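Hi everyone, thanks for making the time today. Let me put the structure up, and then we'll walk through a helix and a sheet together.

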Amino acid sequence: MTPKRRANGGTSLEPLLAAKEIVICCGSGGVGKTTTAASAAAMAAAHLGGKVLVITVDPARRLANALGLERFGNAETQVPPELFVEAGVEPRGELWAAMLDTKQSWDELVRAHAPDAATRDAILANPLYENITGRFVQSHDYIAMERLYEIHASGRYDLIVVDTPPTRNAIDFLEAPDRMADFFSSRLLRWLTVPARSRVFTMASKPFYTVADRILGSQFLQDIAEFFLLFQTMYDGFVERAQAVTRTLSDNRTTFVVVSTLEASPAREAEFFIDALASRKYPLGAVVINKALPALFLERGAKKVAERLCRDAGPLAERVAAAAPVGEVPQLARVLGEVGESYLNFQVVATREAEQRAELARHADVVATVPFADHDITDLAGLLELGGSLWR
Amino acid sequence: MSTELLDRRLLFVTGKGGVGKTTIAAALGQLASSRGKRTLLCEVDAKGNLAGAFETGPTQFREREIGPDLWAMSMDTDASLKEYLSLQLKLPLLSRIGPLARTFDFVANAAPGVKEILVVGKLCYEVRERHYDLVVVDAPASGHIVGQLAAPQAIQDLVKVGSVRDQTGWMLDILSDPAQTGAVIVATPEEMPVNETLDLSERLADETRVDLAAVVVNRVLPELFGRGEEVVFRALRDDTASAALADAVGGPVEPLLEGAELAVKMRRTRAEHLGDLRAGLGRRAELLYVPELFQRTHGVRATRQIADALSAELGY
């Protein structure tokens, strides 16, 4: 697929969203991943048609409002079509939204894979279960990918756009399914789950238990063992599932969109992520650069003008005041100086950003730039307006 | 505020991703050390950003001196476990039971709170042993910090006996003492960082015993125009006036006027979020403001400039 070039050198996400079934938006925290995902999904629903679902992790209340939803739930909810009409667009398709509720998703998974009702209830009631599903950091990553797989396999949507959870490390969720499979097949888990009475202390396991007992206490170890014994009954279902999730991620119907700002550390993480995708042979569809300062700060000749405003504010103010009604000369002089200085300040940042952008563009030739928005997005029209810069 | 910020012994610097958490932690460390406090900076999510703030080589578990009275390390739970085992359990020759440490790591991963307590434990240990006057932690982002700080309590509730449980008592003493320990939340005047800061301040109070020492508002834009000047600026945007200006200055003025317009709008939007933050926090925490510095780079120079800004805010 040849990306469509735009006049400003950016690229449209349109062909990508038209061709793929799963679009995974990733990047470090605070770069506008959630908004980008929602905006891309809204554009697809509005202009491409079909049933489009956006799965987000922790949307701002404002974003939920923008989609006309009281609040997101784990259940998929349709965004009212009237909102598109209000935003001046006759939608060609449907937009649906769902939020990732980690705890609820785990519960559903247990219900689906537990061999019988007794085991299911025992797991759900186990005090460690809540702790592990709630706090085991990787459990968020795994469940996000798991839920994506489940929804995709259901065939209910033409396109699913996913906003990935804030991870400690942006690539964690790529590895989560494999790690989950590893975990279930680990020797340690087998050790822990050998019932105590038949537990044979081999040369290998004895020092482990001695130290583990001293550190954690045998009661706690026993609790852990019991929990994993229950969990192991779901082994086959889980491992199979984790492998299927991994296959979905590398399927050619799936693509990844890396979202970043042009600040140093998110951009560094974006580059790291792009490399991680490449080494796993996962397809990078596009890089979206958010909150970029507009090109007007880089305009040729403007720097000289700004410097002159700072240097000769007084004489310039006199000349302007003589030609147009703009108030007192001293005040105008201060304004001219401030305008010049502000421009030079922003130019420093814009120059740094341009360099960072070129750096990111070396990694991926599909780069869409979203200009800095001077206001928050409060409705669907706002999302579609933002989408405009991703589109054409 | 009960205790001066830098007179505490242990500061956890957190906040939403992308707000400049590492930079603020680095600047606090820089400021404390420049005031003669022996300071340890610890990066918990080893992403290497802390090293970037000082332009030094990568940080490791073993602390390294990176400036006068300033040391830096990065957290490593395996290394922390080894150190703990050798210090507390007097287990020698740990290297010979390498597979043990590996399997233990698995339990630590799965068992709630164990990994977290290895992090908090190491930090509290440095405080208890008085190796440093101040330990500044570049802590996990808002989503993860509560689990970390609540770990000793969680362990105490879950684990009934064993040496890990025995350790939680003194850690809680340090963590719950506002004279020793404080959390610093970093925010920018934008919607999501402000919301997360307010949520986190409540969760810290409800779920942990760590005192919220301060909220640092980063990248505050200066007010562009003084009193009455915006009227003049509006008049300047009139066609005749801007043409006169372009003529007088001999070059394009539109990008400058547009740019100033954007700066004013940005400042206004941010001021609203700042107002929400102030109102939401009430008197729960002191607010410290760090201006947008329009820096050319991120690095040692930026760290120093922010340290200077914090110094002024703290009244030094």
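Let's start with helix H13 of chain A, where Phe238(A), Arg241(A), Ala242(A), Val245(A), Thr246(A) and Leu249(A) are buried. Buried here stands for 20 or more other C-beta atoms within 10 Å of a residue's own, exposed for 12 or fewer, and partly exposed for anything in between, with C-beta atoms placed from the backbone. Looking down the axis of H13(A), the buried residues fall within an arc of 140°, so they line one face of the helix; the arc is that of the directions from the helix axis to the C-beta atoms. On the other side, Asp236(A), Glu240(A), Arg247(A) and Ser250(A) are exposed.

Before going on: this is a predicted model, with local features needing pLDDT of at least 70 and side-chain atom pairs counting only at pLDDT 80 or more, while totals for chains, interfaces and linings use all residues. Residues are numbered from 1 along each chain as its sequence is written, and chains are lettered from A and ligands numbered from 1 in the order in which they are written.

Now over to chain B, where 8 strands form an open sheet with mixed pairing, in the order S3-S4-S2-S5-S1-S6-S7-S8. Strands are DSSP E runs of at least two residues, helices H or I runs of at least four, numbered from the N terminus; two strands pair if DSSP finds at least two bridges between them. Which strands stand at the edges? They are S3 (64–67) and S8 (286–291) of chain B, each with a single partner strand, so one side of each has no neighbour in the sheet.

Inside the sheet, S1(B) and S5(B) pair in the parallel sense over 4 bridges, and Leu11(B) stands opposite Val136(B) in S5(B).
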